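The entries follow the order of my checks.

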Amino acid sequence: MSFKSTLLAGVAALSFALPAFADGIMIHDPYARASAMMSQSGAAFMEIMNQTDTDDRLIAARSDVAQRVELHTHLEDDNGVMRMVEVEEGFAIPAGGSHALARGGDHVMFLGLNQPFEHGDEIEVTLVFEQAGEMTVTIPIDLERNPMRQQMQGHGQMNHGNMGNAASD
Ligand SMILES: [Cu+2]
């Protein structure tokens, strides 16, 4: 091996900005935005893919960008008003499947931002999975994402919740 290719291999080994996947979990198309109504908070959305044959679960998230990071979903109350609630048990990521965090649905919530979310910035968020463990994801802040497109994708993902017939393989 020439000196030059040895040097290049060394540089590649030092590079730690790798795509976000660990132990068969892959994060697709993550982005974060500030909440329009409350500038002190924000949320992150992404598709979480589980390429293992074991059901997994996103059970927590951490980040330095906010005082608190919670897993949230939207529920419709008795008056037809959509409200955000914390989901303490987290989000199931089925084996060989995926789970979408999307506008109007499940999301990672940032409460008490330590600094405003600026379009084009990136934040680091550590996701904690029951099986796969922890993985840190770099998430771009995108304040211009079209919410309708994201919601359409989210609805398509929501229809696979047949939790009763868990496969036993
Ligand atoms: Cu929320």
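I began with Arg145, which lies over the face of Tyr31 at 4.0 Å from the ring centre. This is a predicted model, and I read it as such.

I then checked Tyr31 itself. Its relative accessible area is 0%, so I noted Tyr31 as buried.

Next I looked up aromatic pairs. The count came to 2. In one of them, the ring centres of Tyr31 and Phe45 are 5.3 Å apart.

Phe45 has 5% relative accessibility and counts as buried. I also found a charge here: the charged end of Arg103 sits over the ring of Phe45, 5.9 Å from the ring centre.

I turned to Phe110 and Phe117. They form an edge-to-face pair, with 5.7 Å between centres and 70 degrees between planes. I noted both Phe110 and Phe117 as buried.

Last, I went to Asn50. I located Asn50 in strand β3. Is Asn50 buried or exposed? I found 1% relative accessibility, so Asn50 counts as buried. A polar atom of the Asn50 side chain lies 3.0 Å from the backbone oxygen of Ile93. Leaving aside residues up to four places away in sequence, I listed the residues that Asn50 touches, among them Gly24, Asp55, Ile93, Pro94 and Gly97.

How values were computed: Residues are numbered from 1 along each chain as its sequence is written. This is a predicted model: local features need pLDDT of at least 70, side-chain atom pairs count only at pLDDT 80 or more; totals for chains, interfaces and linings use all residues. Side-chain values use heavy atoms; hydrogens and water are left out. Rings of Phe, Tyr and Trp (its six-membered ring) pair if their centres lie within 6.5 Å; planes under 30 degrees apart count as stacked, over 60 as edge-to-face and the rest as tilted. Buried means under 20% relative accessible area, exposed over 50%, partly exposed in between (1.4 Å probe, protein chains only). A charge sits over a ring if NZ of Lys or CZ of Arg is within 6 Å of the ring centre and within 35 degrees of the ring normal. Helices (H or I, at least four residues) and strands (E, at least two) are DSSP runs, numbered from the N terminus. A polar contact is a pair of N or O atoms within 3.5 Å; within protein, one must be able to donate a hydrogen and the other to accept it, and residues adjacent in sequence count only if both atoms are side-chain atoms. Contact means heavy atoms within 4.5 Å.
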